[in-house]
Amino acid sequence: MIKAIVTDIEGTTSSISFVKEVLFPYAANAFPRFLAEHWDDADVQQLIAAAAAESGQPLTSPDSANALFQEWIAADRKVTPLKALQGKIWQAGYENGDYTAHLYPDTAANLNLWKKQNLDLYVYSSGSIAAQKLFFGYSDAGDLTPLFSGYFDTTSGHKQDVQSYRNIQAAIGLPANQLLFLSDVEAELDAAAEAGFHTCRLDREGSQGASRHPVASRFDEIDLASF
């Protein structure tokens, strides 16, 4: 019996295009000013040091750091310091009302339904935990953060690594066979399944082809009793 659901964000609860076409360009455009204004902040310097260690480059000025982060954004690198800094920038955008986070029409209704069925809900995304909370706090459907029991990001491991899901299972404290992971990425689902999770691939456009996992195009097509 499923007792908790762990969901991805992009392509699962919401469109990939919102992140690619709204959030990423917003952060990319804001990075130079943000770094110049916050260069001496202790938390920003900690993330700059982590980025320097990750890249092997000495990041001694806002300009040098911005050049690296722009490269990582263009390459869609899923590294923790980039994601954390993007989250700080996106916070201002959400709070200023520059955008709200896109959700598929069935997402909020089913998250609320699953919560009413006493299922614990968690998020696992490559975006930072802070960014995840902003996403669901400023969504098209309003503040959904009260629905979630916890959030996981790359500090738990990369999403295609089996150990990441073992780490998440240990943090949740339920047996893996009581956990369901939702994602649109086959390799992530493979890793979760190897860790003992039940899995379901979201194919929102109906164009992803065959899968080794159960497939649904909407959350309300997911039959929890079948797992």
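Axes here are lines fitted to C-alpha atoms, for helices over the stretch in contact, with angles from 0 to 180 degrees between N-to-C directions. Helices (H or I, at least four residues) and strands (E, at least two) are DSSP runs numbered from the N terminus. The model is predicted: local features need pLDDT of at least 70, side-chain atom pairs count only at pLDDT 80 or more, and totals for chains, interfaces and linings use all residues. Residues are numbered from 1 along each chain as its sequence is written, and side-chain values use heavy atoms, without hydrogens and water.

Select helix H7 (residues 162–172) and helix H8 (residues 186–194), whose axes come within 8 Å and cross at roughly 55°. H7 is therefore oblique to H8 (angles under 35 degrees are roughly parallel, over 145 roughly antiparallel, 65 to 115 roughly perpendicular, the rest oblique). Val-162, Tyr-165 and Arg-166 of H7 make the contact with Glu-188, Ala-191, Ala-192 and Glu-194 of H8 (contact means heavy atoms within 4.5 Å).

Next, display the open sheet of six strands, ordered S3-S2-S1-S4-S5-S6 with parallel pairing (two strands pair if DSSP finds at least two bridges between them). Its edge strands are S3 (148–152) and S6 (215–216). Strand S1 (residues 4–7) pairs with strand S4 (residues 179–183) over four bridges, and Val-6 stands opposite Phe-181 in S4. H8 packs on this sheet, touching S4 and strand S5 (198–202).

Finally, select Lys-78, in the loop between helix H3 (62–74) and helix H4 (80–95). Beyond neighbours within four places in sequence, Lys-78 contacts Lys-83, Ser-126, Thr-154 and His-158. Lys-78 and Ser-126 are 48 residues apart in sequence and 6.2 Å apart in space, C-alpha to C-alpha.
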